[in-house]
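Please keep the sequence and the structure in view while reading.

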Amino acid sequence: MSLTGVAIGMTGRSVPIAFVLSALMVLTTNMPLALINTIARYQGGAYSIIGSGLNKKFTGMYSVLFVLTNLSLSMYTLSFADYALPFLPMVPRKALAIGLLVIIYGLNYRGIDKFSQFQNVIVLSLVVALATFSVYGMLNMDMSTYYNTETFMTDGVLGLLTATAQLTFATGGANVIANLSAEAKNPTRDIPMVMITSTIGVAVLYAFMATIAAGILPVDQVANQPLTLVAERVLPRALYVFFIIGGAWFALISTLNSQLATCTKPLIQAAKDGWFPEGLAYIHPKYRTPTRLLTFFFIVGLIPVLLGLDISFISRTVTFVGTVNNSMIVLSFYYATKKYSEQWKKSPLHLSEGPKTLLVVAAIAIYLLQAFLMGRSLPLYYVAGNVVVFILAYTFATTKYNSGKVNVSQSYTLND
């Protein structure tokens with residue numbers, strides 16, 4: 001919902017291919033995260049995973065960069081505002097974005113269970129809305145002109161790959177479930193299953209949706225635009241309203257809620273271990289939620305909205321920074337499965353050393369490719385600024401860890 005129009009602007013009507021390729025990238029890069037979750041329950045999610053496989057100081061570097069990746073909270077609120085404006089034109093875009101952030105913050109403040117049943121309804125509505133959009137769209141498409149060379153792969157292979165890298169942000173959302181390992185009933189079974197099946201499911205659904213989004217109107221009209229233009233053209237008025245509310249609104253609400261519900265987990269453990277003030281890990285006695293960290297991430301999501309940053313810029317920033325953290329997770333998988341070889345041998349998804357090494361190399365190579373593709377579309381000063389952030393995060397982690405004020409505990413429980 002947020003990035004389809006952006007991707008069309010990068011590659012034209014080849015955007016369905018970009019969605020499928022992005023899902024293949026995500027399945028490869030997320031597989032180490034899925035597999036490592038078969039050997040233990042990780043109380044701090046990805047933070048605890050890194051602590052299980054790499055030098056302890058890298059948990060500090062991860063924590064700093066993790067805060068930056070959650071700037072994406074603002075992307076969902078801004079995209080929601082774009083889809084809400086046709087119905088609420090009298091309300092400023094920033095006010096709509098901030099209003100949604102306040103509502104989701106309030107719901108999570110009172111406990112994740114308050115929203116869980118509604119989340120199921122939201123997902124069902126989303127699937128129906130996207131399927132309806134795709135069916136009606138197919139009936140209005142002229143496939144004979146779809147593959148016109150002027151509108152297909154408009155920026156060549158490099159443009160297609162850049163769109164693919166950008167869309168890993170859209171098809172890769174299942175990785176946040178790993179941060180709920182502590183709350184899951186059977187994380188070693190359920191988390192890998194959810195990550196794999198949901199990624200495949202959304203890839204198919206999004207590819208159909210993207211075909212319609214790019215194929216009805218001229219490419220220059222839909223590039224970098226929300227799906228409202230096409231939906232209004234192909235859907236009857238009642239279904240158009242359902243698509244916007246039951247599809248676009250609910251998609252962005254569910255994603256925002258999922259991220260805000262999970263993003264606190266790594267930093268709770270980081271604060272307990274001494275990387276940040278321990279008070280950040282405070283759990284409200286009535287609601288049993290980390291209210292201080294929720295407030296902190298509310299502010300993180302609010303800042304880009306107040307600064308007026310655009311969705312494309314935010315997503316590229318988060319993807320670029322995320323490649324470093326995600327690479328650390330992949331390496332943690334490699335070393336943790338060596339360290340805990342007995343648990344790894346008992347994993348239902350166990351890989352022998354050769355395929356495991358090949359998977360790790362492929363995942364790291366994809367992350368490097370993503371960093372290059374995202375970096376090429378960003379100003380040089382901005383790329384240099386990100387490199388400085390990486391260096392500062394590593395310096396902070398090394399200095400803090402060597403000071404003796406950090407005690408990275410074993411915040412994971414191995415399988416028997």
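What follows describes the cavities of this model and their linings.

The model is a predicted one, and its cavities of 30 Å³ or more come to a count of two.

**The largest cavity**

- The lining of the largest cavity is made up of Val-26, Leu-27, Asn-30, Met-31 and Ala-34, together with Met-195, Ile-196 and Thr-199.
- Two helices, α2 (15–36) and α9 (187–215), each contribute at least two residues to the lining of the largest cavity, and α2 provides the largest share of that lining, with five residues.
- Sorted by class, the lining of the largest cavity holds six nonpolar and two polar residues, and no charged residues are found in it.

**The second largest cavity**

- Around the second largest cavity, the lining consists of Thr-29, Asn-30, Leu-33, Asn-326, Ile-329, Val-330 and Tyr-367.
- The elements from which two or more residues of the lining of the second largest cavity come are α2 and α15 (311–339).
- In the lining of the second largest cavity, four residues are nonpolar and three are polar, and again none is charged.

**What the two linings share**

- Helix α2 supplies at least two lining residues to the largest cavity and two or more to the second largest cavity.

Methods: Residues are numbered from 1 along each chain as its sequence is written. This is a predicted model: local features need pLDDT of at least 70, side-chain atom pairs count only at pLDDT 80 or more; totals for chains, interfaces and linings use all residues. Side-chain values use heavy atoms; hydrogens and water are left out. On a 1 Å grid over the protein atoms alone, a cavity is a set of points where a 1.4 Å probe fits but cannot get out, and a pocket is an open set with protein on both sides within 12 Å along at least five of seven lines; lining residues have an atom within 4 Å of a point. Grid points are joined across faces, edges and corners, and a volume is the space filled by probe spheres set on the points. Helices (H or I, at least four residues) and strands (E, at least two) are DSSP runs, numbered from the N terminus. Ala, Val, Leu, Ile, Met, Phe, Trp, Tyr, Cys and Pro count as nonpolar, Asp, Glu, Lys and Arg as charged, and the others, Gly among them, as polar.
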